Amino acid sequence: MFTKILVAIDGSDISKSAFNKAIELVKMSKAELHVIYVIESGIISPGPVDASWELIYQRFEKEGRDIMEELVEDASKKGVIVTPHLEAGHAGDTIINMASELECDLIVVGSRGKSKLDRLLIGSVSSHIITYAKTNTLIIKK
């Protein structure tokens with residue numbers, strides 16, 4: 001069925017559902033599971049970085065690490081080994097590039113991210129992935 005699965009998470013309930021679906025698929029196909037959290041660079045100022053932007057970035061980085069740690073531990077309890085990836089960049093492109101780099105044959109992602117405001121500011125990550133990924137994609141809806 002699948003040999004390598006990449007699931008994108010952002011801490012939202014729908015991304016946790018995507019993660020759980022990926023675990024189900026891994027158990028059925030005995031695939032390798034990778035999880036990615038992307039710190040969206042579109043919300044970080046492109047200009048000179050001052051202390052406040054650095055603190056904001058550190059907060060997003062900590063949030064990503066905490067979320068991944070929780071999910072990796074949960075997967076471990078279910079007998080699934082997960083390789084975590086914390087990246088920064090345009091979320092859609094970063095997820096697609098990681099899937100390509102890892103030679104994944106499936107990307108699993110939630111249909112919507114954390115909030116409507118995020119979607120307004122950075123666009124729909126799932127729509128971007130569907131449009132540009134050459135990898136099979138599974139979109140999880142509520």
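Where pLDDT is low, the predicted coordinates should not be read in detail. For the protein as a whole, the mean pLDDT is 88, and 86% of the residues reach 70 or more. This is a predicted model, so local features need pLDDT of at least 70 and side-chain atom pairs count only at pLDDT 80 or more, while totals for chains, interfaces and linings use all residues. Residues are numbered from 1 along each chain as its sequence is written, and side-chain values use heavy atoms, with hydrogens and water left out.

With that settled, here is the overall layout. The protein has 5 helices and 5 strands, taken as DSSP runs (helices H or I, at least four residues; strands E, at least two) and numbered from the N terminus. Along the sequence they follow the pattern β-α-β-α-β-α-β-α-α-β. Of the contacts with a separation of 6 or more, 77% join residues 24 or more positions apart. Buried residues make up 40% of the 142 residues, where buried means under 20% relative accessible area, exposed over 50% and partly exposed in between (1.4 Å probe, protein chains only).

At 1.5 Å a residue, its 12 residues (91-102) should span 16 Å, and the end C-alpha atoms are 16 Å apart, which agrees; the expected span is 1.5 Å times one less than the number of residues. Its buried residues are A91, G92, T94, I95, I96, M98, A99 and L102. What covers them includes the strands β1 (4-9), β2 (32-40), β3 (82-89) and β4 (106-110), together with helix α5 (125-132). Just after α3, E103 takes a positive phi of about 60 degrees.

Now for how helices pack. Two packed helices are described by the angle between their axes and the distance between the axes. Here axes are lines fitted to C-alpha atoms, for helices over the stretch in contact, and angles run from 0 to 180 degrees between N-to-C directions. The axes of α3 and α5 come within 8 Å and cross at roughly 45 degrees. The two helices are therefore oblique to each other; angles under 35 degrees count as roughly parallel, over 145 as roughly antiparallel, 65 to 115 as roughly perpendicular and the rest as oblique. On the α3 side, A91, G92, D93, I95 and I96 meet V125, H128, I129 and Y132 in α5.

Helices α1 (residues 13-29) and α2 (residues 51-77) pack at about 30 degrees with their axes 11 Å apart, which makes α1 roughly parallel to α2. K16, F19, N20 and I23 of α1 make the contact with E70, L71, D74 and A75 of α2.

T135, in the loop between α5 and β5 (137-140), is buried with a relative accessible area of 17%. Beyond its neighbours within four places in sequence, T135 is in contact with A99, C104, D105, L106 and I107. F2, in the segment before β1, counts as buried at 18% relative accessibility. Leaving aside neighbours within four places, F2 touches S29, A31, D105, L106 and N136. F2 and N136 are 134 residues apart in sequence and 10.0 Å apart in space, C-alpha to C-alpha.

Note on methods. Contact = heavy atoms within 4.5 Å. pLDDT = per-residue confidence, 0-100.
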